[in-house]
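Good morning, and thank you for coming. Please look at the structure on the screen while I speak.

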Amino acid sequence: MREDFGGQVALVTGAGRGIGEAIAIAFAGAGAAVIVNDINGRAARRVAEGIVAGGGQALALPFDVANETAVGAMVQMAVEELGQIDILVNNAGIEPKSPLLETSLYAWERTLAVNLTGTFLCSRAVGRVMYEQGRGAIINIASIAGHRIPLPDRAAYCASKAGIVGFTRECAREFAPHGIRVNAVCPGVIETPMTAEARSDPKIMRKWLDDIPVGRLGRPEDVASMVLFLCSGNAGYVTGQAIHVDGGKVMA
Ligand code: NAP
């Protein structure tokens, strides 16, 4: 059952740290050439250099996924350098925290721009490449927040993640006749820099652990395993789904 992505190219957004980094490393370990995108150029280069040092193939492309021109340039450079894109993982995301009544229009719009519009822009640009290839797999990293469990003080984040699930289903239907599968992965609470502050609060940690049947928080590698499975031939009949990777926090 071990997935082999030899000869394939995977583009992972927001891969300079956290879940995206784990996904990039997992694809490289399974033989794929990996395009490491992140808005933080230093972080993207660090991950790409680590993959190359380990014998893999990687290219750091630091671009903002919310910027239409930048996304076009990124996809063009990726195809020029590596010739194809077989896998796209829309992982880049931000999670600003504020009560709804104190949320600025800028914070609302930026959250939707990175999380939801970024997913659209990358899917459209890479989708054009995949249409020509007649094959591809796209994974959108959503969240249990918004989709199933509201996260306090994060209205824009919840809205963006619910939007990603709806987008995933429509995109899956539209792209399926072109040999492209599209699925969403909805992580629960994962140990990354995004959750570092909350994890340092023992009260929050206790509540989280009480709510997670498997009794631990998720690791970035737990999400990466599901992403690789969904992109592999083993999941060739799976599309338009939103799969929870959350230790059982959400059931059914
Ligand atoms: P993270 O540690 O904050 O990493 C996200 C990465 O994306 C950062 O390197 C960030 O760069 C980058 N990024 C932000 N805006 C970008 C943009 N416009 N273009 C390109 N890259 C950008 O987050 P994570 O915890 O790994 O989360 C990854 C994804 O999983 C997100 O979509 C998140 O919503 C989702 N998720 C996470 C959890 C969790 O518990 N951690 C749960 C559910 C869903 P900067 O650091 O410079 O901003």
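Predicted model: local features only at pLDDT ≥ 70, side-chain atom pairs only at ≥ 80, totals over all residues.

Residues are numbered from 1 along each chain as its sequence is written, and side-chain values use heavy atoms, with hydrogens and water left out.

Let me begin with helix α1, residues 18–29. Helices here are DSSP runs of H or I with at least four residues, strands are E runs of at least two, and both are numbered from the N terminus. From first C-alpha to last, α1 reaches 17 Å with its 12 residues, close to the 16 Å expected at 1.5 Å a residue; the expected span is 1.5 Å times one less than the number of residues. Nine of the 12 residues are buried, meaning under 20% relative accessible area with a 1.4 Å probe and protein chains only, where exposed is over 50% and partly exposed lies in between. Among the buried residues are Ile19, Ile23 and Phe27. After α1 comes Gly31, with a positive phi near 100 degrees.

How many aromatic pairs does a search of the whole structure find? It finds two. Rings of Phe, Tyr and Trp (its six-membered ring) pair if their centres lie within 6.5 Å; planes under 30 degrees apart are stacked, over 60 edge-to-face, and the rest tilted. The rings of Phe5 and Phe27 have centres 5.0 Å apart and planes at 80 degrees, so this pair is edge-to-face. Phe5 lies in the segment before β1 (9–12) and Phe27 in α1, so the pair ties together parts 22 residues apart in sequence. Both Phe5 and Phe27 are buried.

The rings of Tyr131 and Phe175 are also edge-to-face, because their centres are 5.3 Å apart and their planes at 80 degrees. Tyr131 belongs to α4 and Phe175 to α6 (residues 155–175), 44 residues apart. Tyr131 is partly exposed, at 33% relative accessible area, whereas Phe175 is buried, at 9%.

Finally, I turn to α3 and α4. Residues in α3 including Val71 and Met74 meet residues in α4 including Leu121 and Val129, where contact means heavy atoms within 4.5 Å. By class, this contact has nine nonpolar, no polar and two charged residues. Nonpolar covers Ala, Val, Leu, Ile, Met, Phe, Trp, Tyr, Cys and Pro; charged covers Asp, Glu, Lys and Arg; the others, Gly among them, are polar.
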